[in-house]
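The model comes first, then the text.

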Amino acid sequence: MLKLALLSLSPLLAASQSLTQALPLAALALLVPVLCTAALGPLRTRLPFNALILAALALGAASISAASLILQAHSFELNQALMPYLPLLLLPALSCAIEPLTCAQQWRTSLCFALVLVLTSSLREMLGQGSLLSNGQWLFGPSLSGWRLGSGWAFFGHPASAFILLASALILFRYFRQDRHP
Amino acid sequence: MKNTALIAALTLVLAALLTATHALLSPRIQHAQELASERRLLDLLPPGSYNNRPLQQPITLAAGGLLQNSHSAQAYLACLNGQPSAVLLPVTSAGYEGPIQLLVAISPEGRIIASKVLSERETKGLADFNATSRQHWLTQLNERTLEDDQRRWQLRSDGGQIDQIAGATRTSRAINQAQQRALEFFAKQRTQLLERQP
């Protein structure tokens, strides 16, 4: 389960270079596992574990394919940019079959993932490209092409920078959460 | 057996839903694809400089001649409110490793607006046009006309004013000459090209 959760980080790390890419991915990361959990609910008592995995794969693949079609119709460029990462959303869908969560629990988990993705991508885009919502026209039409804030550091354009940002956030989180009393 | 039937039923329902979604969205996807191709090809024109759909009415040009294209190629006329604002000409030149195909946007007055490399086989990392620096190099060739002083057309290594791409003088020269030929072709065919407006 932990391995699956870690693998689910791949789209988060790779697609977090711009907020325009991260927003639809975050929405899908929120919707796909919740839909899978809801659809697998009635099947859970009727199917053995192995068949449940197959059902989760079929549900995940179908919802990702439908999402890809909708993205293509909305913005072809956005679909091209996200195409390598969309199939990776199968991993959270698969984890729905392995770990039985209620819809509310799945919603909270997916929301955390989506929020981290949006925050990481905003930071990476601002620090790496010195812009926010660049190529925003892919999502919001020609009226919004993003904001240029200045020049950025090329390092934050690399996926490795997402590891460093996440690790820094974890260190800060643990630092403020830990019990400092002996 | 019951499990297999249940999984098969689920797969059939999902396949039917996907087929219906595809059928429903197919025309919109095709339209979005066409618009994306247009934007990719026409991104060398300044935003707001045209409001027609140039790719819908291509002008077929014969192979060879001044443009030196190996096959017949398509030129495009961009118009703003019915008035021509640019002609996009495909032109080929012999690079160091193979032919370099360019698309050159020329204003109705015969000035280079911008150009982009459509295909090339130049040395990767040295003279290919995937690098931002070499794409930027192309922009210094904009705004030139055939009437300009010859030094504005020549590379520094030939006594002119243009910095060649470091280590790729032959590629630089090929692009420079291709643009010059595109302007000459435009000057000769100006009336026919601009009259093709819708």
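## Salt bridges

Over all chains, a search of the whole structure finds seven salt bridges (a side-chain nitrogen of Lys or Arg within 4 Å of a carboxyl oxygen of Asp or Glu). B:Arg39 sits in helix α1 of chain B and A:Glu77 in helix α5 of chain A, so this pair joins two chains. Helices are DSSP runs of H or I with at least four residues, strands are E runs with at least two, and both are numbered from the N terminus.

In the pair of B:Arg39 and A:Glu77, the closest N and O atoms are 2.9 Å apart. The rule finds one salt bridge across the interface of chain A and chain B.

## Basis of the values

This is a predicted model, in which local features need pLDDT of at least 70 and side-chain atom pairs count only at pLDDT 80 or more, while totals for chains, interfaces and linings use all residues; side-chain values use heavy atoms, with hydrogens and water left out. Residues are numbered from 1 along each chain as its sequence is written, and chains are lettered from A and ligands numbered from 1 in the order in which they are written.

## The interface of chains A and B

Chain A puts 18 residues in contact with 15 residues of chain B (heavy atoms within 4.5 Å). About 1500 Å² is buried between the two chains, and carbon and sulfur atoms give 79% of that area. Buried area is the accessible area (1.4 Å probe) that two parts lose on being put together, summed over both. A:Leu69, A:Ala73 and A:Phe76 supply 34% of what chain A buries against chain B, more than any other three residues.

## The pocket

The second largest pocket has a volume of about 670 Å³. A pocket is an open set of points on a 1 Å grid over the protein atoms alone, where a 1.4 Å probe fits, with protein on both sides within 12 Å along at least five of seven lines; lining residues have an atom within 4 Å of a point. Volume is the space filled by probe spheres set on the points, which are joined across faces, edges and corners.

Which residues lie closest to the centre of this pocket? Of the 18 in the lining, they are A:Glu77, B:Arg39, B:Arg40, B:Asp43 and B:Tyr50. The largest share of the lining, six residues, comes from α1(B).
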